[in-house]
Every structure is written in C-alpha cells, then in structure tokens.
Amino acid sequence: MYAHGLFLQAMAVAFSVLLIGFVVEAIRRHHLNERYAILWLGAGGVLLALSVYRPLLDWIALSLGVSYPPSLLFLVAFIFLLGIVLHYSLVISAHRDAIRRLVQAVALLERALEEERAR
Amino acid sequence: MRVLVVIPTYNEAPNIAAVLAAVRAVVVGDIAVVDDGSDDDTAALARRAGVIVLRHPCNLGIGAAVQTGFLYALQQGYDAVVRVDGDLQHDPAHIPALLEQLESDGADIVVGSRFLARQGYQSTFVRRVGILILGVLGALVGTRVTDPTSGYWALNRRALEVLAKFQPDDYPETQSLLVATRAGCRVRELPVVMQARGAGRSSIGALQSGFYMVKVILAVLIERLRPRLRPRSRPPTGTGR
C-alpha cells in the first residue's frame, strides 16, 4: 500500500468519525430528530466500515461483478442520497398539509373568539 | 335555505369594497371573506364593511382559503355556499340563478360557465388554450363541464363535506370537480358572464400558468388511482363496500 493511499484512508476514517460524531451531537442537542438520524448514522457506519477495512469494498464490488470498485461506492452513495431527498419530499408534503389544517383552525378559532367578545 | 357567500382574497384591497357592495346588492344572506394572508389591509377593509372575516396568518393558496370557508359553513350549519372571486370577475347578479338551480335541479354543485353562452370576458388566448386542454382532460376522466377552471360555484352541504376533506391548495377547481364527481356529487352548469378583473394583477403569472397546467394534469390523472371519497349525507349504494 502506498504512503498517500494510507493518508487518504486516514482522511476517510477521520471524515466518517466526524460525520458520526456530528450526528450524535446533533441528536444530543435535540437539533436532529432520532427518526431522521437513523439514516445518517447508517450512512456514517457504512462509510467507516469501508474506509477502515479497504479490501471490503473491493470484495463486495468484485462479488457483484463490478470491475472498478470505486464506482460501486458512487452508485451506493447516489441511491442513498436519492432516497433521502425523496423521503424529505414526503415529509415536506405532510408538513404542508399539517400547516394548512393548523392555519384553517387558527382562522376559525379567531372568528369564534371575535364572536365571543362581541357578545 | 341559509346561504353563505365565500369570497377568497389575497391582496385585493383596491377591489374588496366594490366586491362586497356588489354582492350585498344581490344577496341577503351572510358573506364571509377568507383572507389568505394578504400583505395589504384587505382583511381590515372587509371587517370595516361588517362581513365575517376568516384570516389565514400566512398565504396558503386559493384552494385552502376556499376550504376554510367550506369548513366555516359546515361548522355554522349553512345549507349552501356560493363561491365568488374577490377581483370583480364574477358578476354577483348570477348568484340567485346559481342557487335556484342548486335547489331545483337536484345538483350538488352548480358551476357558472363563461363558455356556455360565450358572452363577456373570455380570458386571454393562452389561458383559453390551457382551459381547453383541461376541459378535454376533464372529459376524459369523467367531469363534463365547459369551464373547468371557473371558480364561480354554488355548493350544497353534500359537496361541502367532500371538499372540506380534500381540496388542493392552489388552482383547485378542475381537481375538485373530479373529486366531487367521483364521490357521487351531481355537477351542473349555468351560463354566466364574467368580466376582466378589476384593479391589480392576477396572482398567476405566465410561467406559473404553465406550471399549474402540468400540476393539474398530473393531479387529475393521479386522482383516478385514489379511492373515492364518500360524503356522509347519502350512504354508499351497491358498490360492495
């Protein structure tokens, strides 16, 4: 293994650890809901495993018939990000619906209050 | 029959007084202005005019505003709602005719169509093409109306119950007609004369018109894949459920 390969590996491990640390800290401070944290912890875990033990990626790629192992990494990352963004679209839609119901309830309550005060 | 006139507004301060005066001249019943988070003083002007004001704290879209009016009408036990735009496009003179057809024709929704008699404001050319496409699409999926984007409607409680449950936020008319039809509501049309809007600009620009077009087409097609909504007033008959 080349010296710069080792450096890259160290960087990859450090990055994975940082990612996991950031996510855990965000959960601890209530900045990130556990519901959404699971995805990111999972991603961080996979990244860590792949960067700590590099032959793992080669082994998985070759056993899947992928001739150039890093491209498998890109594929998995792409699918993962696509999934997360799609998930967020669903969440945003649900939020939009909830906001609408809340706004409508506020409008009706404000009117009821107005009528109550007029009495 | 207790009737509520629902007027959705968004930044209609220059028009609201004239709209309310015009509706008052025709309707004896109650008028509710649903203000969809206007930046100007539409809501204050409406309050000063002495009508019911339902105010959204933020802007949601005309469909949501109309739905708030429906919810209020159901809550307060009104028998029917007439939906009138807040920009003077809908001449309130047609309100009695809409209500009359709602009562006499056994219809759950009566749509005021500007294309049945081909008089008055016929919209701009580009929009007419869009309306035509929506009309063809509507016919394909089962709502045969000549003016599927008209927002000039009279509705009874049965239709209100369906649309209080589901109505899209923006550009709701075509999809709402489809939802109501599939839920078993009877839709009828009445020729009306519309005018070009009064002061101010439409809240829908050219690029947005295109976006809404695509959105409505998608929504209408997907709507067919959903289970039908069932109003409570009339029990479902013979559909094996």
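Me: A residue is buried if 20 or more other C-beta atoms, placed from the backbone, lie within 10 Å of its own, exposed if 12 or fewer do, and partly exposed in between. What makes helix H7 (residues 173–182) of chain B mostly covered?

Reply: Nine of the 10 residues of H7(B) are buried. They are Glu173(B), Thr174(B), Gln175(B), Ser176(B), Leu177(B), Leu178(B), Val179(B), Ala180(B) and Thr181(B). Gly184(B), which has a positive phi near 100°, follows H7(B). In chain B as a whole, buried residues make up 48% of the 241 residues. The model is predicted, with local features needing pLDDT of at least 70 and side-chain atom pairs pLDDT 80 or more, while totals for chains, interfaces and linings use all residues. Residues are numbered from 1 along each chain as its sequence is written, and chains are lettered from A and ligands numbered from 1 in the order in which they are written.

Me: How many helices and strands does chain B have, and how are they defined?

Reply: Chain B has eight helices and seven strands.

Me: Why are H3(B) and H6(B) called oblique to each other?

Reply: Helix H3 (residues 62–75) and helix H6 (residues 157–165) of chain B pack at about 130°, with axes 9 Å apart. Axes are lines fitted to C-alpha atoms, for helices over the stretch in contact, and angles between N-to-C directions run from 0 to 180 degrees. Under 35 degrees is roughly parallel, over 145 roughly antiparallel, 65 to 115 roughly perpendicular, and the rest oblique. H3(B) and H6(B) are therefore oblique.

Me: Which residues meet where H3(B) packs on H6(B), and what classes do they belong to?

Reply: Residues are in contact if their C-beta atoms, placed from the backbone, lie within 7 Å. Gln67(B), Phe70(B), Leu71(B), Ala73(B) and Leu74(B) of H3(B) meet Leu160(B), Glu161(B), Leu163(B) and Ala164(B) of H6(B). Seven of these residues are nonpolar, one is polar and one is charged. Nonpolar covers Ala, Val, Leu, Ile, Met, Phe, Trp, Tyr, Cys and Pro, charged covers Asp, Glu, Lys and Arg, and the others, Gly among them, are polar.

Me: What makes H3(A) roughly perpendicular to H4(A)?

Reply: The axes of helix H3 (residues 55–64) and helix H4 (residues 69–118) of chain A come within 8 Å and cross at roughly 90°. That angle makes H3(A) roughly perpendicular to H4(A). Leu57(A), Asp58(A), Ile60(A), Ala61(A) and Leu64(A) of H3(A) meet Pro69(A), Leu72(A) and Leu73(A) of H4(A). This contact has seven nonpolar, no polar and one charged residues.

Me: How do you know that E1(B) and E2(B) pair?

Reply: Pairing requires at least two bridges found by DSSP between the strands. Strand E1 (residues 3–9) and strand E2 (residues 30–36) of chain B have six bridges, in the parallel sense. Ile7(B) has Val33(B) in E2(B) as its bridge partner.

Me: Which strands of the open sheet in chain B are called edge strands?

Reply: The sheet has seven strands in the order E3-E2-E1-E4-E6-E5-E7, with mixed pairing. Strand E3 (52–56) and strand E7 (187–191) of chain B are the edge strands, as each pairs on one side only. Neighbouring strands of this sheet are turned by 20° against each other on average, direction ignored.

Conventions. Helices (H or I, at least four residues) and strands (E, at least two) are DSSP runs, numbered from the N terminus. Two residues are in contact if their C-beta atoms, placed from the backbone, lie within 7 Å.
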